[in-house]
2 protein chains.
Amino acid sequence: MTTNQLISEIHKKQSFLCIGLDVDLNKIPKHLLEEEDPIFTFNKAIIDATHHLAVAYKPNTAFYEACGIKGWKALEKTIKYLNETYPEIFTIADAKRGDIGNTSKMYAKAFLEDLGFDSVTVAPYMGKDSVEPFLSFENKHTIMLALTSNVGAFDFQTQKMEGKELYKKVLETSKSWNNSENLMYVVGATKAEYFSEIRKIIPDSFLLVPGVGAQGGNLQDVCRHGMNKDVGLLINSSRGIIYASKDLDFSISAAFEAKKLQQQMMRILDDIN
Amino acid sequence: MTTNQLISEIHKKQSFLCIGLDVDLNKIPKHLLEEEDPIFTFNKAIIDATHHLAVAYKPNTAFYEACGIKGWKALEKTIKYLNETYPEIFTIADAKRGDIGNTSKMYAKAFLEDLGFDSVTVAPYMGKDSVEPFLSFENKHTIMLALTSNVGAFDFQTQKMEGKELYKKVLETSKSWNNSENLMYVVGATKAEYFSEIRKIIPDSFLLVPGVGAQGGNLQDVCRHGMNKDVGLLINSSRGIIYASKDLDFSISAAFEAKKLQQQMMRILDDIN
């Protein structure tokens, strides 16, 4: 998917919501455990109930790997279902990968080509040649960790490297990499005040923003500081939406929570127009 | 496996060799492609031919993920075979994972508990709470990226953070984390001169050292600067061993290459005793 297609969907749906499909068998409704593939059944129900409210879905690979082969099968089925049924949806493999060049190439191929995701998240610690293999895929996107939403972000990311915080150094350095126009960045919502600083460095890039809801971030603040002319934000919510209820009608509750966020987003988009 | 058991194996085998099982279907002998599970068949042959020369095996998950479900099945079979047939072998899932706390916990469970690896590699960018979930498993080990062997290592890892290179900051900070005695570190062999500096910060920890052979590092130099009283090194070689030949007797060629490294290691161990 091109960035312009994503922007167009955002305006059409009046939403920049990304739903995190972090499926934990201990948290999904009990009745689904009787299904042959509880994870996919859960995902399909959530997707069908919310696809008109969200522009992106983001399965975190950890939750699938934790279920072994069954988990990988469910991940394959989920991305296949999304691509076939809702091709207008932007898909994110939240994998946080990164390795030496020829190995990163294997990861890139696995997620962007074989599984067919539109994007994959990567970690920056190993530098340019660990990320560039992901950037070389046309109309695909690489979402690099910049400033994450967890407490550990203060261990290294916000520490100063030659007078400048590491996450800023990461943002600046990455702009010079080959095909850097395919880069997006992860910036946690728990630190809304950082967004203005970040926008000085990467005014045009899309930011994937976890941490609204369960992790405590505020949507209004993030938008005030982080939005750009193309909206430029994908706000992720996982637990707050997908685990809204454990009842038989869990997907309706999920849609209800997604709708609340979408309505807030619609008002924000109205206000800036 | 405890660290003492690993040290004991090193002395018994006179080897601190780790063999990287980075299996690429385009590089393995052609005749194996007719097998039902070419990846596992290849791994089993390599392991059976080299297990007396190596103390550790390290499949890099990228190569298995690149083959989808078949790849994950082969990974499961490989670790199961290692644990059942050669329980004295130290196993490393080279996964370079790292995420927010509850998600890292899923990865840790997947690799250390469900798959049953002795250790897993992780990335430090997200800090303490992204790594500690891995450290809480008894007699398991977490191998954190410090200074990697690729060119991109110079982008951030060797840049100074408050007067000190980032990789040193990573090493120092990690010493205060819960269960840090379960930490080992990845340090690339391409930078032997850095090992003396690293040993000042973490004199006792084991270092996993990629980059000997294909990536150009020198074994003698690494040992001179990096060895400690417990040896404290696992030297990884992947391509140089597993792709030594594409003939029918590829595993014999692999054993021959492994033996060359083991013999060098034996001489080094002799010299220090």
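Student: How many residues does the contact take from chain B and from chain A?
Tutor: The contact takes 49 residues from chain B and 49 residues from chain A, where two residues are in contact if their C-beta atoms, placed from the backbone, lie within 7 Å. This is a predicted model: local features need pLDDT of at least 70, side-chain atom pairs count only at pLDDT 80 or more, and totals for chains, interfaces and linings use all residues. Residues are numbered from 1 along each chain as its sequence is written, with chains lettered from A and ligands numbered from 1 in the order in which they are written.

Student: At what angle do H5(B) and H6(B) pack?
Tutor: About 35 degrees, with the axes 8 Å apart. Axes are lines fitted to C-alpha atoms over the stretch in contact, and angles run from 0 to 180 degrees between N-to-C directions.

Student: New topic: what is Leu17(A) in contact with, leaving aside neighbours within four places in sequence?
Tutor: Its partners include Leu53(A), Val55(A), Ile235(A), Leu261(A) and Met265(A). Leu17(A) is also among the residues with the most contacts inside the largest nonpolar core, which has 194 residues. Such a core is a set of buried Ala, Val, Leu, Ile, Met, Phe, Trp, Tyr and Cys residues joined through C-beta atoms within 7 Å; buried means 20 or more other C-beta atoms within 10 Å of a residue's own, exposed 12 or fewer, and partly exposed in between.

Technical notes:
Helix = DSSP H or I, 4+ residues; strand = E, 2+ residues; numbered from the N terminus.
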